[in-house]
Amino acid sequence: MTREATPRIAPRPAARMAPHAAPRIALVLGGGALKGFAHIGALRALAEHGVAPSVFAGSSIGALVAAAAAGGMDVDTMAERATALRRKDLFRINHMGMLLDRMQSRSIYMEAPLRALCDHVVPEGTFAELGTRLLVTSVDVERGIEVVWGTPGLRDVSIRDAVYASCALPGFFPPGYVGGRPCIDGGTTDNLPVAIAALNVDAVIAVDVGIADVPSAEGLGEQGFATIYMRAATLMMHTLQSRSLERWQGPPMLLVRPRVSHISWFSFHHTEQLIEAGYEAMRSALRELDTVLSAHGGVYPRRPVALRVDGDRCIGCGLCVALAPHLMALDARGKAFATTPHLEWSPADGAFVRQCPVDAIRVDDRGGPSLAQQGHAAAR
């Protein structure tokens with residue numbers, strides 16, 4: 001929003017630092033299957049910039065990379081192992097389970113390869129034994145609640161068990177037992193666990209891979225159930241995450257979104273490209289770090305934009321008004337219009353724009369290309 005506009009809810013002030021103390025920064029790495037290799041490049045840029053997070057948090061592959069970093073694995077080693085990973089190292093069809101148990105089979109793929117990957121990169125021991133604060137999200141599938149391992153009272157469990165469970169995409173891999181709880185992929189309810197990581201820190205750096213936008217894709221309705229399922233999961237996670245970020249009340253957040261939406265969730269042929277995308281996105285975002293550390297709240301980086309509606313295309317469905325009543329309204333003709341056409345937006349703003357069923361809403365960087373143009377450029 002513009003600086004003149006009043007936010008719906010005032011952001012919660014960040015905890016005060018002691019004089020001359022280094023800022024306490026939480027690094028949050030989101031889920032996104034193999035797109036998460038972009039996290040490795042982001043870590044490289046942070047190291048070059050001299051940023052040492054005091055808290056690591058992650059969901060799904062973000063939990064895997066966060067745990068490796070918290071355990072002391074260097075970026076070069078992570079990159080080497082990611083580049084060497086092949087499909088057979090992770091996905092092995094659970095033939096016996098599918099044959100004997102059929103619809104009662106717990107998963108399409110076998111547990112052992114994902115377990116081996118976790119054992120290969122995640123430190124041994126419990127969260128309590130780890131010298132660095134690490135938070136890993138998962139979902140207790142029986143109780144239907146999110147569980148954040150590494151928080152007080154949930155630290156005396158195996159880090160490897162927690163990371164496996166956080167990566168166990170339901171239907172693809174069997175649930176993992178952590179402290180006696182059957183748990184599945186943390187991205188099921190919280191793909192970017194910024195809220196819990198923000199407690200008692202001065203700033204958050206969050207890296208969102210794969211869920212930032214959902215580009216159009218033709219022919220999905222004719223593809224296999226796994227593709228359709230992943231599309232549905234992406235849409236659900238995107239909606240949950242967008243609403244959480246739009247209502248952010250925590251300490252200032254630097255939201256980093258590498259341009260990886262055009263790459264498949266399970267592509268093993270773009271590892272170097274993904275790492276480079278994460279590196280470039282983080283390096284660019286870190287130009288705003290001083291601004292973030294001096295702010296009292298909000299999501300950054302911010303940029304001036306112009307919001308407008310093509311009246312000829314608008315059908316007056318009112319969806320934009322329902323989703324963003326603080327920005328949109330209907331005129332006397334029943335057409336949508338922006339009540340505040342000139343805004344200052346962060347990457348967390350504007351999720352309602354793509355929901356327009358006739359693409360009548362336009363957002364342009366004032367003096368730069370439109371968001372739609374940027375999205376098309378990223379997809380090429």
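Axes here are lines fitted to C-alpha atoms, for helices over the stretch in contact, and angles run from 0 to 180 degrees between N-to-C directions. The H5 and H6 crossing is right-handed, a term used if the near helix is turned clockwise from the far one by less than a right angle, with anticlockwise being left-handed.

H5 brings Glu111, Leu114, Arg115, Cys118 and Asp119 to this contact, and H6 brings Arg160, Asp161, Val163, Tyr164 and Cys167; contact means heavy atoms within 4.5 Å. These residues divide into 5 nonpolar, no polar and 5 charged. In this scheme Ala, Val, Leu, Ile, Met, Phe, Trp, Tyr, Cys and Pro count as nonpolar, Asp, Glu, Lys and Arg as charged, and the others, Gly among them, as polar.

A word on what you are looking at: this is a predicted model, where local features need pLDDT of at least 70, side-chain atom pairs count only at pLDDT 80 or more, and totals for chains, interfaces and linings use all residues. Residues are numbered from 1 along each chain as its sequence is written, and side-chain values use heavy atoms, with hydrogens and water left out.

Which residues of H5 are buried? They are Pro113, Leu114, Arg115, Leu117, Cys118 and Val121, where buried means under 20% relative accessible area (exposed is over 50%, partly exposed in between, with a 1.4 Å probe and protein chains only). They pack against helix H2 (61–70), helix H3 (75–84), H6 and strand E5 (176–178).

Now turn to another helix pair. Helix H1 (residues 38–49) packs against helix H9 (residues 271–285) at an angle of about 40 degrees, with their axes 6 Å apart. H1 is therefore oblique to H9, and their crossing is right-handed. The contact includes Ala38, Ile40 and Gly41 of H1, and Leu274, Ile275 and Gly278 of H9. By class, it has 9 nonpolar, 2 polar and 3 charged residues.

Next come the strands. In a regular strand the side chains alternate between the two faces of the sheet. In strand E8 (residues 253–256), Met253 and Leu255 point one way, Leu254 and Val256 point the other way, and all are buried. Strand E7 (residues 203–207) runs parallel to E8, joined by 4 bridges, and Val207 stands opposite Val256. E8 is also joined to strand E9 (residues 299–300) by 2 bridges, again in parallel, with Val299 as the partner of Met253. Two strands pair if DSSP finds at least two bridges between them.

Elsewhere, an open sheet of 3 strands has the order E13-E10-E14, with antiparallel pairing. Its edge strands, E13 (342–345) and E14 (361–365), each pair on one side only, and the twist averages 35 degrees from one strand to the next. Strand E10 (residues 303–309) pairs with E13 over 4 bridges, and Arg303 has Trp345 as its bridge partner.

Finally, step back to the whole protein. It has 12 helices and 14 strands, counted as DSSP runs numbered from the N terminus (helices are H or I, at least four residues; strands are E, at least two). Buried residues make up 49% of the 380 residues.

Key:
Angles under 35 degrees count as roughly parallel, over 145 as roughly antiparallel, 65 to 115 as roughly perpendicular and the rest as oblique.
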